Amino acid sequence: FFFQAEDGIRDYKVTGVQTVCSSDLGILLPTGNIVMIPSTGSNIGMYSALANPPVYSNMTATGGGAYVGGVLIPNGNVVMFPYSSTSNIGMYNPTTNPPIFSNIQVTGGAPSCQGSVLAPNGNVIGIPLTNSNVGVFNPTTLAYSNIAMSTTGGFITGGLLPSGNIIMCPFTNSNIGMVDPVALTYSNCARATGYAGTTVLPSGRVVFTPFTGSNVGVLDTFT
């Protein structure tokens with residue numbers, strides 16, 4: 001069940017820190033530092049917010065860049081899916097001194113993604129913007145695979161549902177996308193378009209931030 005909330009969002013109190021939802025250009029580390037993902041440049045930024053005064057530093061991502069967001073995986077590394085100008089998945093290890101960046105070669109190229117989500121099985125799901133495949137990356141084996149869709153991308157950002165499925169926000173696509181990261185399947189969830197942000201509430205409802213529309217979208221995943 002999907003509806004557009006014109007009178008505000010009623011579920012407004014979210015407790016805890018959401019660490020597996022849609023990717024942002026800044027990733028909060030357990031140390032309190034913030035990793036800044038390079039979208040147009042080739043440097044990964046590190047901001048030490050707890051230092052007094054705060055400290056900012058750069059690390060050159062050799063052969064990298066053109067990412068939109070990333071996810072923090074259990075071993076402390078940050079995985080970055082490519083947006084357009086690179087066919088490599090980026091892996092950044094901020095726990096070493098100095099930090100280490102590496103490129104993961106993907107045969108045939110990774111899909112153009114606008115966000116990624118960490119699935120419960122440890123794989124990272126790439127949200128396709130202009131590609132007809134959902135990306136699946138295993139950061140343990142460094143294996144990459146695709147989930148075929150019946151549509152050509154048009155999604156931007158995503159979120160992890162209580163069921164373990166991944167919801168994908170419809171940017172230009174006319175449907176909300178649903179990915180089962182275990183069965184490796186894609187399905188259309190509900191008709192909607194023109195949204196750019198995804199927030200999963202503790203109740204299981206999903207709030208979509210409007211981009212071209214004037215209404216907030218709310219998806220009830222339990223009906």
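User: What do buried and exposed stand for here?

Analyst: Buried means under 20% relative accessible area, exposed means over 50%, and partly exposed is in between (1.4 Å probe, protein chains only). Take Phe208: with a relative accessible area of 0%, this residue is buried. Tyr195 counts as buried too, at 3%.

User: Before we go on, what kind of model is this?

Analyst: It's a predicted model, where local features need pLDDT of at least 70, side-chain atom pairs count only at pLDDT 80 or more, and totals for chains, interfaces and linings use all residues. Residues are numbered from 1 along each chain as its sequence is written, and side-chain values use heavy atoms, leaving out hydrogens and water.

User: How many aromatic pairs does a search of the whole structure find?

Analyst: Rings of Phe, Tyr and Trp (its six-membered ring) pair if their centres lie within 6.5 Å; planes under 30 degrees apart are stacked, over 60 edge-to-face, and the rest tilted. The search finds three such pairs. In one, the ring centres of Tyr195 and Phe208 are 6.0 Å apart with planes at 50°, so this pair is tilted.

User: And which strands hold Tyr195 and Phe208?

Analyst: Strands are DSSP runs (E, at least two residues), numbered from the N terminus. Tyr195 is in S18 (residues 195-200) and Phe208 in S19 (residues 205-210), so the pair ties together parts 13 residues apart in sequence.

User: Which way do S12 and S13 pair?

Analyst: Two strands pair if DSSP finds at least two bridges between them. S12 (residues 133-138) and S13 (residues 143-148) pair in the antiparallel sense, over six bridges. Gly135 has Asn146 in S13 as its bridge partner. Four residues sit between the strands of this hairpin, and Leu142 takes a positive phi near 65°.
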